[in-house]
Amino acid sequence: MRTGNQVDLTLYLVTDSTYHTTESLLRTVEEACKGGVTLVQLREKEAGGKEYLEKAILVKKITDRYGVPLIIDDRVDVAIACDAAGVHVGASDLPVAVARKLLGPEKIVGATAKTVEAAKKAWEEGADYLGVGAIYPTTTKVITILTKPETLKAICETVPIPVTAIGGLNAENLEILRGCKMDGVAVVSAIMKADDPKRAAEYLKEKICKLKDTE
Ligand code: TZP
Ligand code: MG
């Protein structure tokens, strides 16, 4: 069984354009890269293919400059078209196996998993990492059921690929993740809404690393 393409999930920035112009989105991504995010996901829920691709090309110019891999949410075609590092798929997107087939063995395929069963399936189909959540309520996405830290821990103990926790997480509420053995934390608001995204990323990374070091 493949162990997956290497991916550093320590601090995963997921973008949200709903409260950003393209200019402020790009500025925020750049500041976050300066602050040490290890992975960036462009997440565009409203954009059509053309707009999504145009934004992806602009964001990738920045992430490339900082050596940070860019993941495209939902859309394998956009990921291929902009030569992103990979794609992130959820339950209503192309299945992991199809994304893997389309992208080939070298690109990163990330998947959302809310249960141990879903996590195992995603791994078996070729996912390189898993996003697990929402851990806390969030205004970024409609969430019907929160994911318990125990489920996150069980997933981390079951699948051999890296796992990121997501959902309502910020520098002040990470303690809930202690002992869960995840590889990192993914955030939208904690960086995208920060007055100083560079400082927000630095501070979050410091807290995440401290949490992981003292486990
Ligand atoms: N998947 C589960 S929760 C979530 C996604 C994309 C949104 C997380 O956003 P925030 O602002 O960090 O709570
Ligand atoms: Mg999706």
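Two strands are said to pair if DSSP finds at least two bridges between them, and the strands themselves (E, at least two residues), like the helices (H or I, at least four residues), are DSSP runs numbered from the N terminus. This is a predicted model, in which local features need pLDDT of at least 70 and side-chain atom pairs count only at pLDDT 80 or more, while totals for chains, interfaces and linings use all residues. Residues are numbered from 1 along each chain as its sequence is written, and chains are lettered from A and ligands numbered from 1 in the order in which they are written.

**Figure 1. The barrel of strands.** The 8 strands form a closed barrel that runs in the order β1-β2-β3-β4-β5-β6-β7-β8, and the pairing is parallel. From one strand to the next, the twist averages 25 degrees.

**Figure 2. Strand β1 and its two partners.** Strand β1 covers residues 11–14, and both of its faces are covered, with Leu 11 and Leu 13 on one side and Tyr 12 and Val 14 on the other, all of them buried (a residue is buried if 20 or more other C-beta atoms, placed from the backbone, lie within 10 Å of its own, exposed if 12 or fewer, and partly exposed in between). In a regular strand the side chains alternate between the two faces of the sheet. Strand β1 is joined by 3 bridges to strand β2 (residues 39–42), the two running parallel, and β1 also pairs in the parallel sense with strand β8 (residues 184–187), again over 3 bridges. Leu 13 can be followed into both pairings, for it stands opposite Val 40 in β2 and opposite Val 187 in β8.

**Figure 3. Strands β5, β6 and β7 side by side.** Strand β5 (residues 108–112) pairs with strand β6 (residues 129–133) in the parallel sense over 3 bridges, and within this pair Thr 112 stands opposite Gly 131 of β6. On to the next strand, β6 and β7 pair in the parallel sense over 4 bridges, where Val 132 has Ala 165 of β7 as its bridge partner. In strand β7 (residues 163–166), Val 163 and Ala 165 point one way while Thr 164 and Ile 166 point the other way, and all of these residues are buried.

**Figure 4. Helices α1 and α2 in contact.** Helix α1 (residues 22–34) packs against helix α2 (residues 49–65) at an angle of about 25 degrees, with the axes 9 Å apart (axes are lines fitted to C-alpha atoms, for helices over the stretch in contact, and angles run from 0 to 180 degrees between N-to-C directions). The helices α1 and α2 are therefore roughly parallel to each other (angles under 35 degrees count as roughly parallel, over 145 as roughly antiparallel, 65 to 115 as roughly perpendicular and the rest as oblique). The contact is made by Thr 22, Leu 26, Val 29, Glu 30 and Cys 33 of α1, together with Lys 55, Leu 58, Val 59, Ile 62 and Thr 63 of α2 (residues are in contact if their C-beta atoms, placed from the backbone, lie within 7 Å). These residues of the contact between α1 and α2 divide into 6 nonpolar, 2 polar and 2 charged (Ala, Val, Leu, Ile, Met, Phe, Trp, Tyr, Cys and Pro count as nonpolar, Asp, Glu, Lys and Arg as charged, and the others, Gly among them, as polar). Glu 30, which has its place in helix α1, counts as partly exposed, with 18 C-beta neighbours inside 10 Å. Between Glu 30 and Val 59 there are 29 residues of separation in sequence and 8.6 Å in space, from C-alpha to C-alpha.

**Figure 5. Helices α5 and α6 in contact.** Helix α5 (residues 116–125) and helix α6 pack at an angle of about 30 degrees, with their axes 9 Å apart, and that makes α5 roughly parallel to α6. Val 116, Ala 119 and Lys 120 of α5 meet Ala 154, Ile 155 and Thr 158 of α6. The residues of this contact divide into 4 nonpolar, 1 polar and 1 charged.

Figure 6. Most residues other than glycine have a negative phi, and most peptide bonds are trans. Asp 74, in the loop between β3 (70–73) and α3 (76–81), has a positive phi of about 70 degrees although it is not a glycine, and Asp 74 is partly exposed, with 19 other C-beta atoms within 10 Å. Asp 83, in the loop between α3 and β4 (86–89), likewise has a positive phi, near 55 degrees, and Asp 83 is exposed, with 12 other C-beta atoms within 10 Å. The peptide bond from Gly 133 to Ala 134 is cis, with omega near 10 degrees, and Ala 134 has its place in the loop between β6 and α6 (149–158).

Methods. Two residues are in contact if their C-beta atoms, placed from the backbone, lie within 7 Å.
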